Amino acid sequence: MPITVLIADDQAMVRQGFGALLAAQSDISVIGDAANGQIAVSEAKRLRPDVVLMDVRMPEMNGLDAARAILAAGFDPPVRVLMLTTFDIDDYVYEALSLGASGFLLKDAPAEELVRAVRVVADGQALLAPTVTRRLIADVTRRRARRTPSPALNALTPREREVLELLARGMSNIEIAEALFVAEQTVKTHVSKVFSKLDLRDRAQAVVLAYESGLVTPG
């Protein structure tokens with residue numbers, strides 16, 4: 001089955017351009033678009049896409065409020081939200097990740113990066129690997145991190161804390177397994193336990209918590 005996508009952006013040319021690019025992929029189907037946040041929420045409820053490409057700044061309801069409404073709806077299977085922004089540093093990014101958005105992407109990213117981002121997010125992963133994502137997370141959280149370990153981390157074993165730290169630095173499960181000299185399935189088990197103990201939705205929220213708690217510091 002193709003990955004279904006809803007594109008939400010107040011600029012018609014952006015919607016059309018992204019739509020044409022994604023529709024040209026054999027494994028992706030663009031099933032709708034929206035010119036503002038309110039329409040994005042109603043279309044997401046009606047169409048249940050796999051991924052919503054959500055512009056941060058839109059009229060009537062901004063992308064952050066729209067993402068909050070979609071993610072709070074508890075769709076099953078889940079609707080993933082990938083935030084789009086024009087700016088290198090945007091305070092909305094931090095809150096979007098905290099809400100459970102699966103990541104974010106700059107609008108001027110190369111075409112192949114947009115396509116890859118949709119596939120990554122549709123697969124249930126967070127878009128955290130690109131250098132730009134790590135830089136944005138670091139810059140946004142630098143001013144917010146409490147710099148002292150959060151009591152919530154006390155629930156984790158030393159190995160689980162180690163896995164969380166590597167995850168927050170943008171490593172995939174395979175890369176973490178190689179770094180720790182363990183099997184990938186073992187890493188998956190640790191990640192699952194970290195999510196459960198810390199009540200996290202996905203890797204994006206795990207990264208935010210790791211920075212907030214001081215477990216990982218920018219730089």
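Me: Hi! Quick one to start: is Arg48 buried, exposed or partly exposed?

Reply: Hi! Arg48 is partly exposed, with a relative accessible area of 45%. Keep in mind that this is a predicted model.

Me: Noted. Where is Arg48 found?

Reply: Arg48 is found in the loop between H2 and S3. Its backbone deserves a look too: Arg48 has a positive phi of about 50°, although it is not a glycine.

Me: Tell me about Asn36 then. Is that one buried or exposed?

Reply: Asn36 is buried, and its relative accessible area is 7%. You will find Asn36 in the loop between S2 and H2.

Me: What is Asn36 in contact with, leaving aside neighbours within four places in sequence?

Reply: Met58, Pro59, Glu60 and Met61.

Me: Let's zoom out. How many helices and strands are there in the protein chain?

Reply: The protein chain has 10 helices and 5 strands.

Me: What order do the strands take in the sheet?

Reply: The order is S2-S1-S3-S4-S5, in an open sheet with parallel pairing. Strand S2 (28-34) and strand S5 (103-106) are the edge strands, and each pairs on one side only. On average, neighbouring strands of this sheet are turned by 25° against each other, direction ignored.

Me: How many bridges are there between S3 and S4?

Reply: Strand S3 (residues 51-55) and strand S4 (residues 80-85) pair over 5 bridges, in the parallel sense. To find one in the viewer, go to Val51, whose bridge partner in S4 is Arg80.

Me: And how many for S4 and S5?

Reply: S4 and S5 pair over 4 bridges, again in the parallel sense. There, Thr85 stands opposite Leu106 in S5.

Me: Nice. Which strands does helix H2 lie across?

Reply: Helix H2 (residues 37-47) lies across strand S1 (3-8), S2 and S3, and runs at about 140° to S2. Helix H5 (residues 111-122) also packs on the sheet, where it touches S1, S2, S3, S4 and S5. The direction of H5 makes about 130° with that of S3.

Me: Moving to H3: which residues of that helix are buried?

Reply: In helix H3 (residues 63-72) they are Gly63, Leu64, Ala66, Ala67, Ile70 and Leu71. These residues cover an arc of only 160° around the axis, so they sit on the same side of H3.

Me: What happens at the start of H3?

Reply: A side-chain oxygen of Asn62 reaches to within 3.0 Å of the backbone nitrogen of Leu64. Just after H3, Gly74 takes a positive phi of about 65°.

Me: Which peptide bond is cis?

Reply: The one from Asp76 to Pro77, with omega near 0°. Pro77 belongs to the loop between H3 and S4.

Me: Last topic, the whole chain. What share of the residues count as buried?

Reply: Of the 219 residues, 50% count as buried. The protein chain exposes about 10300 Å², and carbon and sulfur atoms supply 51% of that area.

Me: And what about contacts between residues at least 6 apart in sequence: what share join residues at least 24 apart?

Reply: In the protein chain, 66% of those contacts do.

How values were computed. Residues numbered from 1 in each chain as written. Predicted model: local features only at pLDDT ≥ 70, side-chain atom pairs only at ≥ 80, totals over all residues. Heavy atoms only, no water. Pairing = 2+ DSSP bridges. Helix = DSSP H or I, 4+ residues; strand = E, 2+ residues; numbered from the N terminus. Axes fitted to C-alpha atoms, helices over the stretch in contact; angles between N-to-C directions. Contact = heavy atoms within 4.5 Å. Buried < 20%, exposed > 50% of the residue type's maximum accessible area, 1.4 Å probe, protein only. Arc of directions from axis to C-beta. Polar contact = N/O pair within 3.5 Å; in protein donor to acceptor, adjacent residues only side chain to side chain. Areas by Shrake-Rupley, 256 points an atom, 1.4 Å probe, with all protein chains shown as cover.
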